[in-house]
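Here is a short briefing to read with the model open beside you.

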Amino acid sequence: MTPDMILTNARILTMDPARPRAEAIALAGDRIAALGSRAEIERLAGPATKVIDCKGRTLLPGFVESHLHLVLGGTELTHLQLHGADGEAALTKAFRDFAAANPASPLLMAQGGHYTLLDHPLTRHDLDRIIADRPIAITSHDHHTVWANTLALKQAGILGGLKTPPGHEVVMGADGQATGELLEFEAFAPVVALGGENALYLGIATGGEPSPWPTEAEQAIHRTKATKGLAHAAAHGITSIINMDGNRYTLELLRGLQRAGGLTARVKVPFHFKPHMDLSELDRAAEMTRDFNDEWLSCNFVKMFMDGVVDSRTAYMLNDYPGHPGHRAEPLFPGPRFNAVATEIDRRGMQIAVHAIGDAAVRTTIDGYEAAQKANGKRDSRHRIEHIELIDQADVPRLGALGITASVQPVHAPGAMDFPLFPTLDVIGKNRWNDAYLCRSLAEADAHLAFASDWPVTDISVIRGIHAALTRPTYDGGTDQRVPLDDVLRAYTAGGAWAAHMEGLTGTLRPGMAADVVVLTGDIEATRPEDVAGLGIAMTIAGGRVTHQG
């Protein structure tokens, strides 16, 4: 077959051990036709073949983003972005400018707030001084806390409190009213709903479906937000997405885009199993898997949360938080319950992905996977643990031994990218820094690595993620957790594809594989690690179609 496109004069890193390097690649339709030297591949060109000179730049398999929130990220692109806005004066200016530019918005929602925005814990009274006559709210950078002003709390019906499941909390003050701090999804969902975007948050908040089902006009608005997210991903070289929240509505939105030719990345969407659910709810996951099972849109995995996050002290720990005697947080799924759930999901042949940040949460998750393996027999499950921000040294070798995927985000390590060193490292405690945000140690213990951003929690940029993995600081008393370039690139390509059971389709460049390609703006191997963040994306190709050109 005559190629539709040839990319030549490139430094191609195929991620295929049988042929790790090439100079040119030929694409025909949605597949890779051939790889080889410039002379070999260029002679395949026909009159209609588009030949692109890559000018010695690095060419890789399209990036596999192993953990992000596509529709939520696309939605949040229209919110106020607070990155770099610290202190009351900066917050006030940002919010009032945003309010003036959005006079009809029912909720003025900001993103990217951190836990030290002010020199004291943020309350509704602080936000009331900024704007009192319109509902406003700030989502923390980790997306596990929201701070809301009094009017937002009133309109959401939670100023007087709200009964929530364990691990979720409307923090109450001495006056018997909410302070404005809302911990975890089911506490702040009523505030989020004020913005009219609640249907898009159900996949992470409750695992349920919107009721009533959104009208076609509403779905069109939601598809627009998904499209924004897809375009943002393509601009960063991403051709495959492992979405980490989901329900059937998410899949139906994306199917609408797929039918219209607007699905520009392969997306795997989970069923979100919540603590209150009966095991019979997994029938919904089976139905989603049956109805969405092609090369571009699929399910067959279940997402769960075991705990919260470090900064709000909702991450489940083996030891007390420093300065908080007796407080270790609680698991959302106690061990026996998680063992039963994991065993049933595994019995059904589905993959499991569990958000586990604290070392006790990680251990409980490993124990559950081990219980499932004992009950059902060992199979190629590739069950995953998402984040692993703290892990007891005794548990490190268990991941490799049990075949568990470590789906980690190098960009989350304090000081590696946008997150400051403190207060996070203080919350963990210096005696545990050696066990925090491990990447290299997990790899050296034979855990399978898949890297990601967790966008919109952090910048979606894979290039910045690579930079973070190569250069992250070593904490006092800790070990060097920088990962070599080859391993980092593999974790964003072949490793991510393998972790998603997609290695037969994408993640490597070889004939017959999907034509998923990213071209960088330079030669990454010739770039000093500290300069990698200065590289960009010259071109993204997904399924043979150019989805971004820089």
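Which residues are buried in helix 3? In this predicted model, they are Leu91, Thr92, Ala94, Phe95, Phe98 and Ala99.

**Helix 3 and its cover**
- Helix 3 runs over residues 88–101, and its 14 residues reach 20 Å from the first C-alpha to the last. That is close to the 20 Å expected at 1.5 Å a residue.
- Strand 9 (80–81), strand 10 (108–113), helix 4 (124–130) and strand 11 are included in what covers the buried residues of helix 3.

**Thr139 in strand 11**
- Strand 11 spans residues 136–140, and Thr139 lies in it.
- Thr139 counts as buried because its relative accessibility is 6%, under the 20% cut-off.
- Leaving aside residues up to four places away in sequence, Thr139 touches Met109, Ala110, Gln111, Gly112 and Gly113, along with Thr145, Val146 and Trp147.

**The largest cavity**
- The structure holds 6 cavities of 30 Å³ or more, and the largest cavity has about 370 Å³ of space.
- Its lining is made of 34 residues, of which Asp142, His143, His144, Val309 and Val457 are the closest to the centre.
- Helix 6 (185–193) is among the elements that each supply at least two lining residues, together with helix 2 (70–76), strand 10, helix 7 (198–205) and strand 19 (301–305). The most comes from helix 6, with 3 residues.
- By class, this lining has 17 nonpolar, 11 polar and 6 charged residues.

**The largest pocket**
- About 420 Å³ is the volume of the largest pocket. Its lining counts 25 residues, with Gln81, His83, Gly112, Pro456 and Val457 the closest to its centre.
- Helix 2 and strand 10 are the elements that give two or more residues to this lining.
- The lining of the largest pocket divides by class into 10 nonpolar, 11 polar and 4 charged residues.

**The second largest pocket**
- This pocket has a volume of about 330 Å³. Among its 19 lining residues, Glu169, Leu183, Arg313, Thr314 and His327 are the closest to its centre.
- Strand 13 (169–172) and strand 14 (178–183) each supply at least two residues of the lining.
- The classes here are 6 nonpolar, 6 polar and 7 charged.

**Residues to revisit**
- Val457 is one of the residues closest to the centre of the largest cavity, and Val457 is also one of those closest to the centre of the largest pocket.
- Gly112 touches Thr139 and is one of the residues closest to the centre of the largest pocket.

Notes
Residues numbered from 1 in each chain as written. Predicted model: local features only at pLDDT ≥ 70, side-chain atom pairs only at ≥ 80, totals over all residues. Heavy atoms only, no water. Helix = DSSP H or I, 4+ residues; strand = E, 2+ residues; numbered from the N terminus. Buried < 20%, exposed > 50% of the residue type's maximum accessible area, 1.4 Å probe, protein only. Contact = heavy atoms within 4.5 Å. Expected span 1.5 Å × (residues − 1). 1 Å grid on protein atoms, 1.4 Å probe; cavity = no way out; pocket = protein on both sides within 12 Å on 5 of 7 lines; lining within 4 Å. Points joined across faces, edges and corners; volume = space filled by probe spheres on them. Nonpolar A, V, L, I, M, F, W, Y, C, P; charged D, E, K, R; others polar.
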